[in-house]
Amino acid sequence: MADIIPYSIENTDEIAARLKRGEVGIFPCDTIYGLCGIADERIAERLYEIKRRPLSKSFITLMDKSSLRDNGLIVPDDIFSRWPAPFTAILQHENGTTVAVRCPSDPYLLRILPVSGPIFSTSVNFSGEKSLLTFDDILPVFMNSVDFIVNDPTVKGGMASTIIDATSNPYRIIREGAYKFTF
């Protein structure tokens, strides 16, 4: 059964430590609640299982802007200058793969990410179903699937991030969301 952690800036060190230990949790992620874990293959497998998600669909990686270019990502200057913001960009990695990345502006995440390092984040739902947007909706469905859930009673739902493909020229909007992207 998931530990319930009250939303508080004072709890960010605990969240970061739990993520670094390999735990999976649910917490507010600058746009909507996210199902999150440290960005590594073992955690990705667990996230796929929890979400019942096809392996062909990858996760968004959240990272702080200061570490963005240290991860082998090719980040166009005009994308880099817009972050932090609630948009996700599909970027080319120097190894030839692509990665969906977001640099959030949320103060909660900005305290977690420098300690935890990059984390995978995905909407809180089973694949193909509607996203669960409030703690009260999330708890009964995921309380036995994750290690912890952060309860932020002020989160009343939200809009997912805008997703753009920054590997194409011109960029292509894949999903309209919380950020109005103009070229």
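A: At the start of helix α2, a side-chain oxygen of Asp 40 comes to within 3.1 Å of the backbone nitrogen of Arg 42. This is a polar contact, that is, a pair of N or O atoms within 3.5 Å; within protein, one of the two must be able to donate a hydrogen and the other to accept it, and residues adjacent in sequence count only if both atoms are side-chain atoms. The model is predicted: local features need pLDDT of at least 70 and side-chain atom pairs count only at pLDDT 80 or more, while totals for chains, interfaces and linings use all residues. Residues are numbered from 1 along each chain as its sequence is written, and side-chain values use heavy atoms, with hydrogens and water left out.

Helix α2 comprises residues 41–51. Helices (H or I, at least four residues) and strands (E, at least two) are DSSP runs, numbered from the N terminus. Within α2, Ile 43, Ala 44, Leu 47, Tyr 48, Ile 50 and Lys 51 are buried. These residues lie on the same side of α2, because they cover an arc of only 165° around the axis; the arc is that of the directions from the helix axis to the C-beta atoms. An α-helix has 3.6 residues a turn, so residues three or four places apart point the same way. The face turned away from the buried side of α2 carries the exposed residues Glu 41, Arg 42, Glu 45 and Glu 49. Here "buried" means under 20% relative accessible area, "exposed" over 50%, and "partly exposed" in between, with a 1.4 Å probe and protein chains only.

Contact means heavy atoms within 4.5 Å. Not counting residues up to four places away in sequence, Ser 145 touches Arg 46 and Ile 50. Ser 145 and Ile 50 are 95 residues apart in sequence, yet their C-alpha atoms are 6.4 Å apart in space. With 25% relative accessibility, Ser 145 counts as partly exposed.

Just after α2 comes Arg 52, with a positive phi of about 60°. This is a positive value in a residue other than glycine. Arg 52 belongs to the loop between α2 and β4 (60–62), and its relative accessibility of 59% makes it count as exposed.

The greatest contribution is that of β7, with four residues. On a 1 Å grid over the protein atoms alone, a pocket is an open set of points with protein on both sides within 12 Å along at least five of seven lines, whereas a cavity is a set where a 1.4 Å probe fits but cannot get out; lining residues have an atom within 4 Å of a point. The volume of the largest pocket is about 600 Å³. A volume is the space filled by probe spheres set on the points, and grid points are joined across faces, edges and corners. Of the 32 lining residues, Arg 53, Ile 60, Thr 122, Ser 123 and Arg 175 lie nearest the centre of the pocket.

By class, this lining has eleven nonpolar, 14 polar and seven charged residues. Ala, Val, Leu, Ile, Met, Phe, Trp, Tyr, Cys and Pro count as nonpolar, Asp, Glu, Lys and Arg as charged, and the others, Gly among them, as polar.

The second largest pocket holds about 170 Å³ of space. Its lining includes Ala 39, Thr 61, Met 63, Pro 118 and Phe 120. In that lining there are six nonpolar, five polar and no charged residues.

Two loops elsewhere contain cis peptide bonds. In the loop between α3 (77–80) and β6 stands Pro 84, and the bond from Trp 83 to Pro 84 is cis, with omega near 0°. In the loop between β10 (162–165) and β11 stands Pro 170, and the bond from Asn 169 to Pro 170 is likewise cis, with omega near 5°.
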